[in-house]
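Open the model in a viewer and keep the sequence panel beside it. The stops below say what to select and what is found there.

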Amino acid sequence: MSAPHITIGRIGEHAGETITLKGWLHNRRSSGKIHFLVVRDGTGFVQVVMGKNDVGEEVFQRADHLGQESAVIITGVVRADARAKGGYEVVASGLEVVSAAHDYPITPKEHGVDYLLDRRHLWIRAERQTAILRVRHEVINAVRDFFNGQGFILADTPIFTPAACEGTTTLFPVQYFEDTTAYLTQSGQLYNEANAMALGRVYCFGPTFRAEKSKTRRHLTEFWMVEPEMAYADLNDVITLAEGLVTSVVARVLDRRAAELKVLERDTSKLEAVKAPFARLHYDEAAKILLDKGLPFQIGGDLGGTDETVLSEQFDGPVCVTHYPAAIKAFYMKPDPQEPDKALCVDVLAPEGYGEIIGGGQRLDDLDLLLQRIKEHDLPQEAFEWYLDLRRYGTVPHGGFGMGIERVVAWICGLEHVRETIPYPRMLYRLYP
Ligand code: 4AD
Ligand code: MG
């Protein structure tokens with residue numbers, strides 16, 4: 001009878017038992033009569049100790065010539081060992097080579113990032129990369145559970161859209177529909193607003209596209225965004241929701257992905273400090289901090305990447321920057337009645353210099369002012385007639401935000417660049433594989 005197949009991720013439940021592992025050979029070293037094989041199976045990595053006397057001459061010889069990433073099935077006994085990575089190792093009694101691999105292009109030596117990105121389909125097998133992708137999975141599920149648990153309805157928004165949501169400079173045109181150019185969505189927000197008027201509290205969650213002309217460590221051309229939208233809500237409600245979401249996502253990853261954060265050598269004390277309420281900073285105060293620090297900041301302008309980094313370094317937890325000048329923000333933002341040149345908007349900046357992870361605010365709910373803004377932004381009114389209907393029929397104060405999944409994963413994992421937070425990143429110079 002063959003031993004039961006188990007996964008490395010749950011190996012601790014099988015100490016002392018004879019089991020099989022189905023995976024791939026990650027690394028191998030030998031000392032005379034013993035091979036040490038590091039095997040991975042997608043759920044983790046474990047060391048397999050193979051003694052010549054336990055498996056016989058023939059199997060022992062075969063293991064000696066196996067290349068990295070050869071597919072193998074190992075039979076053996078799970079042994080608790082405090083010195084072993086993960087606390088367990090397997091003492092092999094059998095080896096089946098499912099397929100032998102030769103000259104795997106990614107070796108334990110250091111490779112340049114372009115070399116690795118060209119081989120992203122293989123690079124994702126690396127221990128760090130699998131840890132990041134598991135954290136991504138946890139973040140996405142934490143997001144869904146958070147909104148589902150608060151009575152939000154998931155209502156999808158289209159990817160082909162007739163008009164811009166976030167400015168016309170980052171649109172991807174698609175030629176297919178009769179007599180018109182379609183664009184890949186930059187944000188589901190406008191449809192979310194319609195959905196909120198139908199369902200109260202909604203969210204959409206999907207890929208969004210921006211033809212970003214700049215190469216930065218925070219920008220992808222295709223990224224995943226979750227966007228909640230609430231009817232009968234103001235800027236304060238939006239900020240409270242953002243705080244609840246961010247704290248619950250961080251707590252969930254700390255709770256369930258401690259092993260992955262360890263692989264990533266993440267300083268988790270910084271994440272444990274993420275507690276609501278977050279600090280709040282009016283745009284004017286933010287501008288003052290930047291100028292006091294001697295940064296070349298233009299009052300009235302948007303915050304750049306460096307500005308965000310410097311600001312977020314002033315606080316232990318995330319910080320909410322509100323009241324950006326209306327003139328530099330999207331057409332749909334509601335001006336603050338107290339200071340009409342400022343918008344009722346918020347950007348949440350992650351701590352440790354990671355910059356903006358959330359953007360949102362209260363929406364312009366007045367028909368006349370919205371029409372005026374659409375004209376000022378030189379947007380085609382016909383394409384927005386349906387959106388204007390929301391202000392004609394039962395308009396109410398409402399708001400929401402968008403949170404970029406890759407930015408959040410980069411922050412939680414402590415990564416320099418967002419390109420490792422998604423299986424196949426898309427950037428200005430990166431479409432392959
Ligand atoms: O601030 P943004 O542009 O806001 C919106 O799109 C709103 N319509 C959302 C809403 O209110 N429903 O984008 C929201 C978030 C950013 O804070 C950032 O996390 C992420 O989306 N993001 C990007 N992530 C990766 N690459 C890019 N090019 C991104 N652009 C925005
Ligand atoms: Mg933004």
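Which residue stands opposite Val-77 in strand 5? Select Val-77 and look across: the residue there is Val-91. This is a predicted model, in which local features need pLDDT of at least 70 and side-chain atom pairs count only at pLDDT 80 or more, while totals for chains, interfaces and linings use all residues. Residues are numbered from 1 along each chain as its sequence is written, chains are lettered from A and ligands numbered from 1 in the order in which they are written, and side-chain values use heavy atoms, with hydrogens and water left out.

**The barrel**

Select residues 71-80 and 88-99, which are strand 4 and strand 5; strands are DSSP runs (E, at least two residues), numbered from the N terminus. The two run antiparallel and are joined by ten bridges; strands pair if DSSP finds at least two bridges between them. Both belong to a closed barrel of five strands in the order 1-2-3-5-4, with mixed pairing. From one strand to the next, the twist averages 55° (angles run from 0 to 180 degrees between N-to-C directions, with axes as lines fitted to C-alpha atoms).

Move to residues 345-350, strand 16, where six of six residues are buried (under 20% relative accessible area, 1.4 Å probe, protein chains only). Cys-345, Asp-347 and Leu-349 lie on one side, and Val-346, Val-348 and Ala-350 on the other.

Cys-320 has Val-348 as its bridge partner.

**Ligand 1**

Select ligand 1 and the residues with a heavy atom within 4 Å of it. The shell holds 23 residues, and Glu-356 is among the closest, with Glu-166, Gln-189, Arg-210 and Glu-227. Strand 17 gives the largest share, five residues.

- Glu-212: a side-chain N or O atom 3.1 Å from a nitrogen atom of ligand 1.
- Tyr-332: a side-chain N or O atom 3.3 Å from a nitrogen atom of ligand 1.
- Ile-358: a polar backbone atom 3.3 Å from an oxygen atom of ligand 1.

Of the 630 Å² of accessible area that ligand 1 has on its own, the protein covers 94% (Shrake-Rupley method, 1.4 Å probe).

Note on methods. Buried means under 20% relative accessible area, exposed over 50%, partly exposed in between (1.4 Å probe, protein chains only). Helices (H or I, at least four residues) and strands (E, at least two) are DSSP runs, numbered from the N terminus. A polar contact is a pair of N or O atoms within 3.5 Å; within protein, one must be able to donate a hydrogen and the other to accept it, and residues adjacent in sequence count only if both atoms are side-chain atoms.
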